[in-house]
Amino acid sequence: MDTRQDQDGAYAGDRAFRNLNRLMLDYFGVEGLQAAAKTLEAEAELPPHDVVRGMADRHAIRETIEAGRVAEAFDMVNDMFPGIFDENPQLYFRMRLQQLVELIRADKVSEALAFAQRELTPLTRNDPDQLKEVEYAISTLVVRSPFQDSPESRNKMLEQQRKGLENQRRSLGIRVNAAMIEAMGCRSTSQLSDVVRLLLWSESQLPAGSDVQPLDIAALVETGEL
């Protein structure tokens, strides 16, 4: 009897561990953590995961965006997923808007204005919100000054601009990565992220002093329901 229980317990433990590895592989794939995904896939002897396919290319595209080479990244995405911008006009606008921002940051004024007129003006004719974003980006050409303030003020403003630009690039990289994953027919959010959100939501719904227990996430992982 003890032997049978030990075998059942070992099987349940192995299944829970395998399900957890599956969740982690899905998370690594969605987040583009290539080295971690490949290592886990090999060491845990997991079957190939759909979202891991093309990860190297997606990772390269995100790095290109975060380096500010948005025009290059645009072509890379188009080559890898032809038609993706036709199906996702909002993504197309975001890529082109960031391209404008990068031209402005590089002090390519004439090129930036010509690019805005050619690529962005047609997109904003029927969208006041997009028009405001383009106008704001272009306005930064006008408001820049030769820094008549103190060196401390200048350095502080430059640091704020640098961080803002980094955040813009990172946000765009995440958005593009999600769109590429969806173009592959996969979920653009990981199951692990959904589990965490579900857990936090379930706990937030419990009234103070309630005897009701929140969701047992560990049990759901063990049974393979997640």
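E166 and R162 sit 4 residues apart in helix α9, so about one helical turn separates them. Helices here are DSSP runs of H or I with at least four residues, strands are runs of E with at least two, and both are numbered from the N terminus. Salt bridges that share partners join E159, R162, K163 and E166 into one network.

Before I go on, some housekeeping. This is a predicted model, where local features need pLDDT of at least 70 and side-chain atom pairs count only at pLDDT 80 or more, while totals for chains, interfaces and linings use all residues. Residues are numbered from 1 along each chain as its sequence is written, and side-chain values use heavy atoms, with hydrogens and water left out.

Back to the pair. E166 forms a salt bridge with R162, and their closest N and O atoms are 2.5 Å apart. A salt bridge means a side-chain nitrogen of Lys or Arg within 4 Å of a carboxyl oxygen of Asp or Glu. E166 is partly exposed, at 31% relative accessibility, and R162 is partly exposed too, at 38%. The cut-offs are under 20% relative accessible area for buried, over 50% for exposed, and partly exposed in between, with a 1.4 Å probe and protein chains only.

How many salt bridges does a search of the whole structure find? The search finds 8.

Another of them is between E102 and R169, with the closest N and O atoms 2.8 Å apart. This pair links distant parts of the chain: E102 is in helix α6 and R169 is in helix α9 (residues 151-183), 67 residues apart. Is E102 buried or exposed? E102 counts as buried because its relative accessibility is 12%. R169 is also buried, at 15%. Leaving aside neighbours within four places in sequence, E102 is in contact (heavy atoms within 4.5 Å) with G68, V70, L165 and R169.

Now the helix that holds E102. Helix α6 covers residues 89-105. Of its 17 residues, 13 are buried, so this helix is mostly covered. From first C-alpha to last, α6 reaches 24 Å, close to the 24 Å expected at 1.5 Å a residue; that expected span is 1.5 Å times one less than the number of residues. Just after α6, D107 takes a positive phi of about 65°.

One last pair. The side chains of E119 and R118 meet in a salt bridge at 3.3 Å, N to O. E119 is buried at 18% relative accessibility, whereas R118 is exposed at 51%.
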